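Subject: A structure for you to look through

Dear colleague,

I am handing over the structure we spoke about, and below it you will find my notes on what turned up in it. Please keep it open while you read, so that you can find each place for yourself.

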Amino acid sequence: MTGREALPHYVESTRLQHFVNYEVVGKSALRVQRWRDQWKLATRRPRPDSPLSPPLRCVAYMKEIMSRHYLEGRYAAGVRKVAWVTSGAPTEPLQALGYFLVYPENHAALCGVRRKAQSIAEEAEHAGWSRDICSYARTDIGSMLSGKTPAGRLPRPDVLVCCTNICQTVLHWYRVLADYFGCPLVLIDTPFLFHEAHEHEVAYVKRQIEDMICVAEEIAGKSLHEKRFQDVMANARRGAELWLEILNRSQHRPAPMTAFDGFIHMGPIVDMRGEAVVVAYYERMLAELDERIDRGIGAIKNERYRVLWDNLPIWFKIGDLSKWLAERGVNVVASTYTYAWGELAPMIDPDHPLDSMARVYLHPILNRSTGHKLESMKRMVDEFELDGVILHSDRSCKPYSLGQIDQRDRLVKKLGVPALLLEADHNDPRDYAEEQGSNRLEAFVETMEARA
Amino acid sequence: MSHVAAIGIDAGSTTCKLVAVDRDGAIIAWLLEPTEPRVEIQVRRMLDALRAEIRIETAVPAIATGYGRKLIKQATRNLTEITCHARGVFRDLGRAGTLIDIGGQDSKVIQIGEDGRPVDFMMNDKCAAGTGRFLEYTAARLGVPIEALGKRALSVSSEEPISSTCTVFAESEIISLIARGAEPDAILRGLHRSLVGRVVSMARSVGIVPPVMLSGGVARNEAVRTMIAEATGEDVIVPRQPQLMGAYGAALLGSAA
Ligand code: SF4
């Protein structure tokens, strides 16, 4: 099948290319790179003037895992079946069927961190996509049209899986992808939860997952192996449990990691959940955090205030922001966003994979009421002993930002914690006013200081 | 004359203010000028002028606030207007409550707690409507000097409602109102109402705890004061020198008085 446009940058690889460039040369080169990174981290001279403690040593492994994933992506088309999926899509059966998964949202975030998102999004804007559309969608559509990507190359999808448990934007976005790529689109509709899920809602989602499996099996030309599926589910559960434990380690004072570290280290649980490598990685990370806790090492050197971050990060600013806040003794120790990939771990049941998947994928924070998010935030303020809350009002992500004015209000009035609404965008620097943003942040820090 | 304990510098977008306080936190001297493009040079000159007026020891702390605060090399520390206005007004009026600061280029609502500390705040820093610039810009279109704005707006009972929420579009609206023969003072009244409406809705989102207090240059405008009182149904109290409150608070924070 061919799409609406030629999109010449989506090329297929041969098995030989995949083997030589990825399996042999690529993997070895990345291992050598990891050794170099480890050596650099181990021999790094202390930086007394930096407000941050040295980075976690495990970051070298994370770079290796993530780079390997994107590297394989360059050679996956034509060798493995490829699915492009939304961040909240039920991917475990696809993993078990051997699909290579591409998460366009994560790819867009990568563009954001590398400060390439604006120029790539402009490719979409020049082609007529409105600036009011989520900047993730614009970044990925821009990348699809132009071939521009810091990842080298993405593989063309054989199937698209879109789950509406995060927003309705993805529905329209994936229809566009389907139109361009001319491949099947599986849509999984998740009813919005005002309270707990009803059984008929669980049954409804489960049936759609079953339908997805049929489509995926047909495209893959093989059937889902039950044992393999359960293994993937078990890894998914263990990975999510570990991730939750990692995040909860920041309840310690001083917190061994910041939410900014979390934004970076969440890559594996988002992109590769269900794979054994994720479990191994998070075990390593957890051990290192425990070592920090034992030695009383905090992620920032002088932790005076502990803060919660709500909503997506501002990808193009995370480095600057984490340093700026650390200089003022502010440690962002928790975030509702990173939590979203851990908090549902107890729901995953490898013995009842389909039922539990239906439940899990109905319950992401973005598919639940604003009151639910407020309750989660209140609980985090309590459990992490927080001094303040930063609510990033994200111009792109309407479902996440909806209700923040009232949530902020309740946090200030009911809990008495200073809370700041920071207007920005997760990927588009044109929607962040530097001067005004830092002025608000400064005033927020001073308000916490005044209470101390 | 008593010794200078600290200096506050408020490098605002419209005006630049310097205040010197003594150990008891009383204002000994102050200066106010329209902000010049190179505010750091201006502050240096104003500090010299202040020195000519009163004796200042070299080691006196100087706290800078306002949008240009980071450019002021002489400052020992800089703090946002939120902290400084709250401190200045609390010291001057001695009341907890809701402070509305309408500056030249932004406006803020600050809730001041019983101990004088800012509990919560909200800023309008994205849009000129709702700031002093809105009146300045539109008044220029009507040819009315700024000092006369409030009096003229209160001198009439009729009011032309202004529907545009944007400063630039409000200007076009004024032009068409004039063309239709509307009374300029009634237009002015409508403009004040529009500004007050926006500021009060921001105050409501923070939550209005009485009394309502005003600071910043626009607080000297009697129509703004009257209309805020009408809109909130609360008493509005204003410090003697509302424009100096940022610099005054900064000086107080420097002297820890
Ligand atoms: S609107 Fe929000 S949830 Fe939807 S794709 Fe964009 S960032 Fe993700």
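Predicted model: local features only at pLDDT ≥ 70, side-chain atom pairs only at ≥ 80, totals over all residues.

**Where the two chains meet**

How many residues of chain B are in contact with chain A? There are 22 of them, and they are in contact with 19 residues of chain A. Between them the two chains bury about 1800 Å², of which 44% is on carbon and sulfur atoms. Within the area that chain B buries against chain A, Tyr67(B), Phe121(B) and Lys126(B) supply 26%, which is more than any other three residues.

The interface also has its charged and polar pairs: the rule finds four salt bridges across it, and ten residue pairs are in polar contact between the chains. If you look at the side of chain B that touches chain A, you will see that β5 (77-78), α2 (81-93), β8 (118-124) and α6 (184-206) of chain B each supply at least two residues to it. The largest share, six residues, comes from β8(B), and by class this side of chain B has nine nonpolar, five polar and eight charged residues. One salt bridge that you can look up is that of Arg77(B) with Glu449(A), in which the closest N and O atoms are 3.5 Å apart.

Thr447(A), which is found in helix α19 (residues 434-451) of chain A, is worth a careful look as well. Leaving aside residues up to four places away in sequence, Thr447(A) touches Pro418(A) and, from the other chain, Pro118(B), Val119(B) and Phe121(B). With a relative accessibility of 2%, Thr447(A) counts as buried.

**A helix with a buried face**

In helix α3 (residues 132-142) of chain B, the buried residues are Gly132(B), Phe134(B), Leu135(B), Thr138(B), Ala139(B) and Leu142(B). Seen down the axis of α3(B), these buried residues fall within an arc of 150°, so they line one face of the helix. The buried residues of α3(B) pack against β6 (97-102), α4 (149-154), α5 (167-179), α6 and α7 (222-232) of chain B. Just after α3(B) comes Gly143(B), which takes a positive phi of about 70°.

Is Arg115(A) buried or exposed? Arg115(A) is exposed, with a relative accessible area of 54%; this residue lies in the loop between α4 (104-113) and α5 (117-126) of chain A, and its phi is near 60°, a positive value in a residue other than glycine. Asn311(A) likewise is not a glycine and has a positive phi, of about 90°, but at 0% relative accessibility Asn311(A) counts as buried. You will find Asn311(A) in the loop between β5 (305-310) and α13 (318-327) of chain A.

**Salt bridges within chain A**

Over all chains, the structure holds 60 salt bridges. In one of them the side chains of Glu92(A) and Arg273(A) meet at 3.9 Å, N to O, and this pair links distant parts of the chain, 181 residues apart. Glu92(A) is buried, with a relative accessible area of 3%, and Arg273(A) is buried too, at 8%.

Another salt bridge joins Lys373(A) and Asp310(A), at 2.8 Å from N to O. Lys373(A) lies in helix α16 (residues 370-383) and Asp310(A) in strand β5 of chain A, so the pair ties together parts that are 63 residues apart in sequence. Both partners count as buried, Lys373(A) at 4% relative accessibility and Asp310(A) at 0%.

With best wishes

Terms used:
Residues numbered from 1 in each chain as written. Chains lettered and ligands numbered in written order. Heavy atoms only, no water. Contact = heavy atoms within 4.5 Å. Buried area = accessible area lost by both parts, 1.4 Å probe. Polar contact = N/O pair within 3.5 Å; in protein donor to acceptor, adjacent residues only side chain to side chain. Helix = DSSP H or I, 4+ residues; strand = E, 2+ residues; numbered from the N terminus. Nonpolar A, V, L, I, M, F, W, Y, C, P; charged D, E, K, R; others polar. Buried < 20%, exposed > 50% of the residue type's maximum accessible area, 1.4 Å probe, protein only. Arc of directions from axis to C-beta.
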